[in-house]
Amino acid sequence: MSTTEEQIRRRRTFAIISHPDAGKTTLTEKFLLYGGAIQAAGMVKGKKNMKHAVSDWMEIEKQRGISVTSSVMQFEYDGYCINILDTPGHQDFSEDTYRTLMAADTAVMVIDASKGVEAQTKKLFKVCVMRHIPIFTFINKMDREARDPLDVLEEIENVLGIQTYPVNWPIGSGKIFRGVYDRTKEQIAVFSGENGKQEAHADYAALHDAKAKNLMDPDQYEKLLEDMELLEGAGSEFSQEAVDHGELSPVFFGSALTNFGVEPFLRDFLNMTSPPLPRQADCGTIDPFDKDFSGFIFKIQANMNKAHRDRIAFMRICSGRFDKDAEVYHVQGDKRMRLAQPQTLMAQDRETVQEAFAGDIIGIFDPGIFSIGDTICAPNKKFHFEGIPSFEPEHFRLVRQIDTMKRKQFVKGMTQIAQEGAIQIFSEPDSGMEEVIVGVVGVLQFDVLEHRLKNEYNVDVKMEPLTFQFARWVGNKEMDLKTLDLTSDTKLAQDLRGNPILLFSSEWNIRWAEEHNKDLILENFNRN
Ligand code: G4P
């Protein structure tokens with residue numbers, strides 16, 4: 001039996017971020033393969049299902065009851081207990097995707113070697129930077145024609161503004177992608193393997209060993225020596241401290257499809273990343289090794305099925321050990337309780353959890369009492385973890401109820417769904433809720449809203465597109481909003497909690513507001 005401290009020390013909790021199609025699902029699956037959680041690749045189907053059209057997606061949600069598929073996966077590798085958090089992409093991209101990053105200690109950024117940094121990666125990256133968490137980069141699809149590795153690194157540095165340190169270096173690309181050179185060990189790993197369904201076979205050789213030359217084409221060997229010379233002269237120095245602060249990203253190359261480079265990445269990444277990190281609360285820093293249990297809710301998944309109004313709340317455990325039968329304290333609800341049906345999640349399977357430790361993510365049954373950001377801790381404690389911010393929505397619509405007799409249900413539905421965090425609602429100061437501006441991060445949320453208002457609240461709504469594209473909270477609370485000098489198509493509104501927010505139609509309008517209101521501070525997330 002290992003102690004709680006040992007259990008926490010071996011935990012690694014990270015989120016994988018990428019632009020759709022860069023290979024996040026494939027890489028996750030290969031991690032599971034190397035961890036022995038699956039026997040052959042091609043079994044993780046959860047996310048693929050989510051790529052269907054909206055109507056299919058709703059059907060899937062309904063059939064599945066509560067959707068938890070592949071939100072979190074836990075598996076073991078080399079003595080580590082790993083929690084991977086999925087950050088949904090495509091149509092199911094939403095504010096939840098951002099919130100998931102609040103629960104991670106590290107991010108793995110998967111980049112397509114032929115495409116470089118893409119739009120969605122940029123958005124997710126911004127959230128990681130806000131948290132100063134370590135960011136590791138996996139440059140994927142090296143088995144296809146790829147861009148020059150130095151070019152891709154330069155793009156990461158210029159576009160994302162983070163220094164890079166290649167921990168390994170690719171040997172060739174496309175059909176002649178052979179493997180990777182480990183710069184620390186000064187060792188070449190050349191891979192072979194049929195189809196990527198099973199682990200790839202690796203041959204190793206020291207860089208200057210005669211065997212190394214036999215493992216690859218002579219010109220590949222020459223190129224590798226040249227590249228190394230170039231990197232030693234011009235590249236960044238490695239600093240674990242800079243990695244820990246999210247200022248330097250260790251970079252790895254490989255192909256998730258063929259498994260070439262997957263295991264070296266997994267192994268080095270786990271060694272370089274840290275056990276669960278301390279978290280900020282109103283009473284100070286909470287140490288993960290504190291003997292008392294604590295955690296916070298970062299995501300609530302409502303049931304799309306009308307017959308089951310229950311929800312699942314996802315909790316990140318921040319300190320100590322969680323025991324299924326122990327009494328806990330829900331701080332925001334000021335209530336002692338036992339958490340119902342706590343479960344760990346592994347792809348499509350859910351298992352009741354008896355005990356869990358700092359770093360773990362568990363799902364708990366929510367009869368409607370939890371909100372995003374709530375703290376749950378040992379009954380002898382009372383503190384709040386730092387709240388989860390609201391993130392800037394990118395799509396806006398004006399929502400109105402069709403039958404004005406149903407005003408009460410409309411207000412109730414809109415407010416409850418907004419409180420759950422599925423949408424954000426904005427209104428003009430001092431206006432009623434006749435019509436409401438709804439802002440979302442991913443457009444699918446509009447369909448979810450319409451579906452839920454009809455099914456759960458019996459309200460039909462009409463939605464009109466709005467031209468706003470950006471929202472910024474007013475950072476300086478003392479500002480006299482009446483004196484703001486804004487373009488006519490900029491709107492001043494307030495969010496659900498009464499915080500002032502400006503809605504803009506273009507970046508040009510944002511700059512205009514900043515230039516004409518020298519004291520104005522604009523923020524793209526809000527913690528209040
Ligand atoms: P995502 O989760 O980031 O959206 O990407 P996903 O893993 O679903 O991969 C997107 C596509 O890229 C898939 O092909 C996948 O097989 C392919 N892919 C992933 N990693 C690699 C790699 O290292 N090399 C190559 N050549 N391809 C890779 P698809 O045709 O869309 O799907 P499938 O039918 O092959 O599964």
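Author: An oxygen atom of the ligand is 3.1 Å from an N or O atom in the side chain of K141. Please bear in mind that this is a predicted model.

Reader: How much of the ligand does the protein bury?

Author: Taken alone, the ligand exposes 710 Å², and the protein buries 72% of that.

Reader: Which elements give two or more residues to the shell around the ligand?

Author: They are α2 (24–35) and α3 (46–49). The most comes from α2, with three residues.

Reader: How many residues surround the ligand, and which are the closest?

Author: There are 19, and the closest are D21, K24, T25, T26 and D143. By class, the shell holds eight charged, seven polar and four nonpolar residues. In the case of T26, an N or O atom of the side chain is 2.5 Å from an oxygen atom of the ligand. With A256, a backbone N or O atom lies 3.0 Å from a ligand oxygen atom.

Reader: Let us turn to R279. Is this residue buried or exposed?

Author: A residue counts as buried when its relative accessible area is under 20%. R279 has a value of 9%, so it is buried. This residue lies in strand β12 (residues 279–281).

Reader: What does the side chain of R279 make a polar contact with?

Author: The partner is the side chain of D105, at 3.4 Å. Leaving aside neighbours within four places in sequence, R279 is also in contact with other residues, including M102, R131, F296 and F385.

Methods. Residues are numbered from 1 along each chain as its sequence is written. This is a predicted model: local features need pLDDT of at least 70, side-chain atom pairs count only at pLDDT 80 or more; totals for chains, interfaces and linings use all residues. Side-chain values use heavy atoms; hydrogens and water are left out. A residue is near a molecule or strand if one of its heavy atoms lies within 4 Å of it. A polar contact is a pair of N or O atoms within 3.5 Å; within protein, one must be able to donate a hydrogen and the other to accept it, and residues adjacent in sequence count only if both atoms are side-chain atoms. Accessible areas come from the Shrake-Rupley method with a 1.4 Å probe; for residues, only the protein chains shown count as cover. Helices (H or I, at least four residues) and strands (E, at least two) are DSSP runs, numbered from the N terminus. Ala, Val, Leu, Ile, Met, Phe, Trp, Tyr, Cys and Pro count as nonpolar, Asp, Glu, Lys and Arg as charged, and the others, Gly among them, as polar. Buried means under 20% relative accessible area, exposed over 50%, partly exposed in between (1.4 Å probe, protein chains only). Contact means heavy atoms within 4.5 Å.
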